[in-house]
Amino acid sequence: MKRFAFFPGCLIPARHPAMEFAIRSTLPKLGIEIVDLEGASCCPDPIYFKSKDKISWLAVAARNLCLAEDIGVDIFTNCSGCTATLSETYHLLQDLELRAQVNERLKRIGKEYRGTARVRHIATLVRDEVGYEVIRQSVVRPLEDLKVAIHYGCHLLKPSRIMQVDDPNNPTVLEHLVSALGANPVRHRNWYLCCGKACQTEEVPLNMMHDLLGAVCSEHADILCLICPTCYGQFDHGQMKVSRQFDEEFETPPIYYFQLLAFAQGVPYDKLGFERQRFKPECLRRFEMATAETAAPSSGDVHTE
Amino acid sequence: MVQGRNNSQETVRVDFRFRRELAQKLEGNLASFCYQCGACVGDCPATTYSGTFNPREIMLKVLYGLGEELLTEDSILWQCTNCYNCHERCPQEVKPVEVIISLKNMLADRGIIPPSAQKIIETFETTGRTTPISSAVHKQRERFGLPPLQPVPMDEIRALIEPASKGGDTA
Ligand code: SF4
Ligand code: SF4
């Protein structure tokens, strides 16, 4: 088992425990041991608190990285916002002058940032530390003929100088992750747009989401797969809002990738919290029926080994 | 395209005080490298979906020192979606989005923060999280077999976000 520190952030543990459950259920099956970080705070968020005071933002982020450094493990995040903050902090603090300045602040709480803990988004982590083939082998319920639209969002890939994950102009990581489940990924024409949540006016995100949803819809995908809880909110609650405002029917259920993986690994549909979604991925139930016929009992425990 | 200048004036007077204040902010000074090519504009969703936002123009205003046009109550800066496309595209590594966030820091110094953002900032400054925890949250977590969330050590967070005493530590 490879050990990694789990940085859950704020949104997933509080609002979307089903996503956290899915992460804790799927990673051990892929040979990854989750180490919980004691005393972690908000990353802090790269939109609001960063806009108030960048240096304080950097100091609190550095403290979170210190927690992983202190136990000698690398970090993975499960949200694009946390990924943005922690990856940028890691990158910025390679500048020794800035690091010294941040360490002046950390001295107040008896900590020192050393730059030894690497940060990765969970999607990148499983690609690099597990590999598509092992993911494929963990699937007991191949999602054959499931058409999955992909949403990359802002910060898995960009800025590529910092993230160094994939080609930001033609990424493939999510397509491969979805294919590993036996499903068919589809790229819609507005795939490069973000979710718009950070924007503090009505007009921009509303019109942007309208274009995004129009593109997703025209692919007739069964579901939309994403890797960030903020994007999820925009595509769940937000999708309803846009449908109402434009009087059009958008109804592609969004799914966080690790819930989809958990389902493909055999966790029952009813244990994955889908009933709380505004757009429910009922289309998945047909795979449950298919496996029930070929009889493969499966467990939905958190600490499956 | 830069509006609000006094038309009777032939030359632009650069407000260096504004430029110096921005340069105090982390990566605020990067705008100096902007050569106005416009590469940051094409993939900017805020430009596409709003009539008023344009990262190249914002950089130009910064270069001219026309800060007061940007630092207003209804500032266009908050239209930015933080998508990082401009950071990706800029051949000069200006990181327009970071300059925009530095400008927001200047807005915050002047006490101007949109109420929606202010609420989240306050939640963070009082609880160490941006999403408040309630008994409903614990109940939901329990349903999924997840342990209750622990409080964040706020003494440490408060100590870290306290400005330095001599004001000299804003990068
Ligand atoms: S891409 Fe860079 S150099 Fe070109 S206008 Fe934008 S900020 Fe300036
Ligand atoms: S980060 Fe802001 S300014 Fe840059 S491209 Fe995105 S919306 Fe435009």
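## Interfaces and ligand shell of a predicted model

Across the interface of chain A and chain B, 29 residue pairs are in polar contact, both partners having pLDDT 80 or more.

On the chain A side, two or more residues each are given by α1, α2, α3 (49-52), α4 (54-71), α5, α6 (96-107), α9 (160-163) and α11 (203-218). The largest share, 7 residues, comes from α4(A). By class, the side of chain A that touches chain B holds 35 nonpolar, 14 polar and 20 charged residues.

In total, 69 residues of chain A meet 59 residues of chain B. The two chains bury about 5,500 Å² between them, with carbon and sulfur atoms accounting for 60% of that area. Within chain A, the residues that lose the most area to chain B are K52(A), K54(A) and R161(A), which together make up 13% of what that side buries. The interface of chain A and chain B also contains 7 salt bridges. One of the salt bridges joins E275(A) to R143(B), and its closest N and O atoms are 3.0 Å apart.

Chain A itself is divided into domain 1 (2-122) and domain 2 (140-293). Their contact takes 27 residues from domain 1 and 25 residues from domain 2. Taken over C-alpha atoms, the centres of the two domains of chain A are separated by 25 Å. In domain 1 of chain A, M19(A), T26(A) and S80(A) lose the most area to domain 2, together 23% of what that side buries.

The table sets out values for the two interfaces.

| Interface | Buried area | Share on carbon and sulfur atoms |
|---|---|---|
| Chain A and chain B | about 5,500 Å² | 60% |
| Domain 1 and domain 2 of chain A | about 2,100 Å² | 72% |

Between domain 1 and domain 2 of chain A there are 0 salt bridges, while 3 residue pairs are in polar contact, both at pLDDT 80 or more. On the domain 1 side, α1 (11-15), α2 (17-26) and α5 (80-92) of chain A each supply at least two residues. The largest share of that side, 8 residues, comes from α2(A). The side of domain 1 that touches domain 2 comprises 15 nonpolar, 9 polar and 3 charged residues.

Ligand 1 is surrounded by 14 residues, and the closest are C34(B), C37(B), G38(B), C40(B) and C90(B). The shell around ligand 1 consists of 10 nonpolar, 3 polar and 1 charged residues.

Notes: Residues numbered from 1 in each chain as written. Chains lettered and ligands numbered in written order. Predicted model: local features only at pLDDT ≥ 70, side-chain atom pairs only at ≥ 80, totals over all residues. Heavy atoms only, no water. Near = heavy atom within 4 Å. Nonpolar A, V, L, I, M, F, W, Y, C, P; charged D, E, K, R; others polar. Domains from an automatic or database assignment. Contact = heavy atoms within 4.5 Å. Buried area = accessible area lost by both parts, 1.4 Å probe. Salt bridge = Lys/Arg side-chain N within 4 Å of Asp/Glu carboxyl O. Polar contact = N/O pair within 3.5 Å; in protein donor to acceptor, adjacent residues only side chain to side chain. Helix = DSSP H or I, 4+ residues; strand = E, 2+ residues; numbered from the N terminus.
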